[in-house]
Amino acid sequence: MAASLVSSLTLPLISAILGGAIALVFLAGYLRRKRAAIAHIPPSATAAAPDQPKHVRPSNQAQHKKGHPRPHHNAADKDAAKKHHHLDVNTLRGHTDSVTALHFSNDGANLSTVCADGAVRVFRIDDTSSKSFKILRINLPAGAHPTGVVFSEGSSSVVVAAQALLGSSLYMYADVSAPPTVQNKQQGKLSPPEIKWSHQKIHGKESVLNLAAAHATHGPGDGSTIIISCSEGLLFLVKVTYPRLSAATDIKVWHGKSGKELGTVDTNQLKNNMADISPNGRFIAAAAFTADVKVWEIVYSKDSSVKEVNKVMQLKGHKSAVTCLCFAPNSEQIITASKDGSIRVWNINVRYHLDEDPKTLRVLPIPLHDSKGSVCQYDHMSISPDGKVLAVTSESTLQWLCVETGAVLDTAEKAHEGDITGIAWAPRKIPNGGVPAFILGTAGVDKKVKLWLAPQVGST
């Protein structure tokens with residue numbers, strides 16, 4: 001019986017001893033691997049993280065979770081990121097999506113913007129160097145995506161073009177610069193401006209490329225605001241009995257205060273690029289698919305109403321499509337930029353009713369080239385109120401040219417982090433650090449609006 005008892009105890013004892021020996025072997029191997037890993041940690045890594053727990057490997061902190069090294073930012077990189085162009089005055093923030101258009105009020109004290117987030121914003125610009133600006137935000141009707149904006153009746157109202165599923169619309173908001181009422185001050189809020197007038201499907205289902213505005217000061221004009229809307233318009237094939245091309249490339253003329261449609265013209269082009277109206281409200285010009293630029297005249301009656309809109313001349317000379325254009329402040333010249341690599345300055349102060357053709361005053365080469373040496377295409381242009389500086393853009397690049405000579409006055413590469421969507425000059429000098437200056441505004445897909453000083457025009 002004793003022998004059987006010893007036999008029953010021996011087997012478990014031997015199993016326990018063998019199990020312990022195996023565990024000791026694995027433990028010894030683990031400790032050797034641990035010592036080897038610690039021995040291979042670089043001294044610089046351990047010195048850089050002396051306060052980290054021992055179980056954290058500093059060498060792993062230099063990588064992302066996916067194993068890619070993190071970018072290194074030193075003081076020099078941060079300083080370089082803070083640097084900006086010397087003409088860059090300020091940045092207006094607060095937009096949550098791409099800014100699609102902008103426009104200054106007549107006195108330059110207000111700047112309106114429209115954004116892909118469906119809102120209109122009116123910034124009060126008392127001084128362009130201010131650290132903050134008063135902002136009025138207006139939310140458009142649901143589903144409306146704004147594409148253009150202009151002030152109407154001074155700075156008291158804005159007209160907005162917006163695209164929806166059923167087509168483009170115009171909305172006029174009044175009292176956008178009105179001071180808050182006593183009741184609103186007590187409640188700590190402002191009542192949103194009301195829509196005074198609106199029009200739907202103004203260009204069918206086509207979107208509005210841009211809005212432009214001017215004061216009717218030519219002839220018997222009464223100084224009221226005249227607005228034009230330019231449709232994108234693609235010439236499309238319509239199959240009825242016989243296939244034919246149907247045009248939707250129209251430009252409409254509106255009365256800024258009443259919203260009345262005053263006239264319609266058709267460019268009869270395959271596609272429109274943009275349109276502009278002369279500062280005195282007399283002429284309309286369109287940049288379109290072809291090399292020729294058509295010009296119409298708004299004829300006013302003795303009672304200051306618009307009588308008719310007639311085509312009066314055509315600018316011929318470019319060899320390829322005109323991408324953008326603008327009128328000079330005196331309303332007697334037009335500046336055009338073409339895909340043929342040239343800028344032309346035209347005199348339209350001619351006796352067209354006697355068949356006198358507009359004259360080309362200057363032909364200037366586009367001075368901007370890409371990395372391959374090819375001439376760049378200008379997307380937007382606008383001339384300073386004194387008629388001396390032409391601001392032009394190509395994708396994210398902003399340039400200032402001398403109108404007289406075509407010389408490059410300055411260039412801001414990557415003026416925005418993405419394409420520039422619009423540019424506009426303040427109509428007169430406005431304070432910058434207390435000193436009156438000509439100011440250019442630019443909008444971009446980077447959700448920003450930037451303010452720039454005009455460069456000095458020397459003897460270049």
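I take a residue as buried when its relative accessible area is under 20%. With that cut-off in hand, I opened this predicted model and went looking for charged pairs.

**Entry: Arg-282.** I checked this side chain and got a relative accessibility of 18%, so Arg-282 counts as buried. Its salt-bridge partner is Glu-297, and the closest N and O atoms are 2.9 Å apart. I then placed the two residues on the chain: Arg-282 sits in the loop between strand E17 (272-277) and strand E18 (283-288), while Glu-297 belongs to strand E19 (residues 293-300). They are 15 residues apart, and the pair links distant parts of the chain. Glu-297 comes out at 10% relative accessibility, so Glu-297 is buried as well.

**Entry: the overall count.** How many salt bridges does a search of the whole structure find? My search returned 10.

**Entry: Lys-450 and Asp-88.** I found a salt bridge here with the closest N and O atoms 3.9 Å apart. Lys-450 is in strand E33 (residues 449-453) and Asp-88 is in strand E1 (residues 88-92), so this pair ties together parts that lie 362 residues apart in sequence. I also looked up burial, and both Lys-450 and Asp-88 are buried.

**Entry: Arg-124 and Asp-126.** Are these two buried or partly exposed? Arg-124 has a relative accessible area of 34%, which makes Arg-124 partly exposed. Asp-126, at 47% relative accessibility, is partly exposed too. The two form a salt bridge, with 2.9 Å between the closest N and O atoms.

**Entry: a network.** Last stop for today: I noted that salt bridges link Arg-351, Glu-356 and Lys-359 in a network.

Definitions and conventions. Residues numbered from 1 in each chain as written. Predicted model: local features only at pLDDT ≥ 70, side-chain atom pairs only at ≥ 80, totals over all residues. Heavy atoms only, no water. Salt bridge = Lys/Arg side-chain N within 4 Å of Asp/Glu carboxyl O. Helix = DSSP H or I, 4+ residues; strand = E, 2+ residues; numbered from the N terminus. Buried < 20%, exposed > 50% of the residue type's maximum accessible area, 1.4 Å probe, protein only.
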